[in-house]
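Subject: Two-chain model for you to look at

Hello,

Here is the structure I promised. Please open it first, then read my notes below.

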Amino acid sequence: MSALVTTLLAYVLLYRYIAIFVIVFSAGVIVPFPASAMLMGIGAFISHGYFSFSAVATTAIAANVLGDIAAFLAVRRYGNRVVRLLHVQTGMFATLEKYIRSDAGPTVFITRFAGSLGPVTNIMAGLADVRFVPTFLIPDIAGNAAEILILLVFGYFVGDYWENFSGIQSTIVGIIIIGVIAFFLYKLYGSLRRRYTNH
Amino acid sequence: MKRNILLIALGVLGVITIVLAVLLVREYQALNRAGLTNPGRYRMHLSHVHAPLTVNDIGVIQSWMTFDYVNRIFALPADQLKTALKITDARYPHLRLGTYTSDVKDAVKSYLTTPK
């Protein structure tokens, strides 16, 4: 288990629901905390009766959704200004924005299970000016709720052996990330092929 | 040109996916060797959910845990470890085990094996 996960779990034991909220919120915004591994550990704490399942689930889902909303709205308001300030190539963003906009709902939902790709998607969705309700918010709530409940139930089920499963969990997240990136590249490849065929 | 770059990128992703799939199989084999893929093990854990841990579970105790958590999972009296280890820190039991870890293990073992 990584030192960061143990440090986060120590804070969770010390400050309980406040720590869960702060850590999960930060991970939702952009801070690369290993929140998934931490939630499996909290599932094990729940199995010892140290936390209430419903209170942890409510706190974590609320924190994750609020973190995502904060990042999305901040980028939607100030993102384009920052992109212009940094002189980032707009062509690249235009292509990505087009794909994010066309499949916004499924993309937001599936990336809730893809670790650090989730916050990146929030930023891209903000830049693409995706509709907040229902296109961003509904899949965000559904995805976060599903992810958090799966992790807590799994941690609860395996109890003190949860650490042994953190490797397999991060590998599955890696495969999901690769799958999402491959899907976007495949779509990009398809559109380029069509463009070349038309020419 | 762009198409070729995309094809190469997709190829690289394919290779990474294969590597991750191999890792996944190896992780599963490691779990299998440790006997952690047997659902029976968890059935036993689930039948004891919320029940205090026993002397066989001392290995669960780790330095990042707090005294409060250890007291709870082993159902120890609130001041048992404080007295046994002569802890004067006012933050007890909301305190990490840290350097006390091995002493805590001994104290918990001693408490659980002493006939009440």
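K82(B) touches I87(B) and Y92(B), once residues up to four places away in sequence are set aside. Please keep in mind that this is a predicted model. K82(B) sits in helix α4 of chain B, residues 80–84.

Y92(B) lies in the loop between α4 and α5 of chain B. Apart from neighbours within four places in sequence, Y92(B) is in contact with F67(B), K82(B) and I87(B). Y92(B) has 16 other C-beta atoms within 10 Å, so Y92(B) is also partly exposed.

K82(B) and L23(B) are 59 residues apart in sequence, and their C-alpha atoms are 44 Å apart in space. For Y92(B) and R26(B), 66 residues apart along the chain, the C-alpha separation is 42 Å.

Chain B overall

- Chain B has five helices and zero strands.
- From the N terminus, the order in chain B is α-α-α-α-α.
- The C-alpha trace of chain B spans about 75 × 35 × 20 Å along its principal axes.
- A compact globule of 116 residues would have a radius of gyration near 13 Å, but chain B has 23 Å.
- Of the 116 residues in chain B, 13% are buried.
- Take the contacts in chain B with a separation of 6 or more: residues 24 or more positions apart account for 62% of them.

Chain A overall

Chain A is helical too, with eight helices and zero strands. Its C-alpha atoms fill a box of roughly 65 × 30 × 30 Å along the principal axes. What radius of gyration does chain A have, against that of a compact globule? Chain A has 18 Å; a compact globule of 199 residues would have a value near 16 Å, which agrees. Buried residues make up 40% of the 199 in chain A. Among contacts in chain A with a separation of 6 or more, 83% join residues 24 or more positions apart.

Helix α7 of chain A covers residues 132–158. Its 27 residues should span 39 Å at 1.5 Å a residue, and its end C-alpha atoms are 37 Å apart, which agrees. Just after α7(A), G159(A) takes a positive phi of about 60°.

Where the chains meet

The contact takes 30 residues from chain A and 31 residues from chain B. On the chain A side, α1 (3–29), α7 and α8 (166–198) each supply at least two residues. The largest share of that side, 15 residues, comes from α8(A). By class, the chain A side has 19 nonpolar, nine polar and two charged residues.

The nonpolar cores

As background, nonpolar side chains tend to be buried together in soluble globular proteins. The largest nonpolar core here has 45 residues. Which residues have the most contacts inside this core? They are M38(A), L39(A), I42(A), L152(A) and V70(B).

L39(A) is worth a click. Leaving aside neighbours within four places in sequence, L39(A) is in contact with A60(A), I148(A), L151(A), L152(A) and G155(A). A second, separate core has 11 residues, including F72(A), I100(A), A125(A) and A128(A).

Best wishes

Key:
Residues numbered from 1 in each chain as written. Chains lettered and ligands numbered in written order. Predicted model: local features only at pLDDT ≥ 70, side-chain atom pairs only at ≥ 80, totals over all residues. Helix = DSSP H or I, 4+ residues; strand = E, 2+ residues; numbered from the N terminus. Rg over C-alpha atoms; globule rule 2.2 N^0.38 Å. Buried ≥ 20, exposed ≤ 12 C-beta atoms within 10 Å, placed from the backbone. Contact = placed C-beta atoms within 7 Å. Expected span 1.5 Å × (residues − 1). Nonpolar A, V, L, I, M, F, W, Y, C, P; charged D, E, K, R; others polar. Core = buried A, V, L, I, M, F, W, Y, C linked by C-beta atoms within 7 Å.
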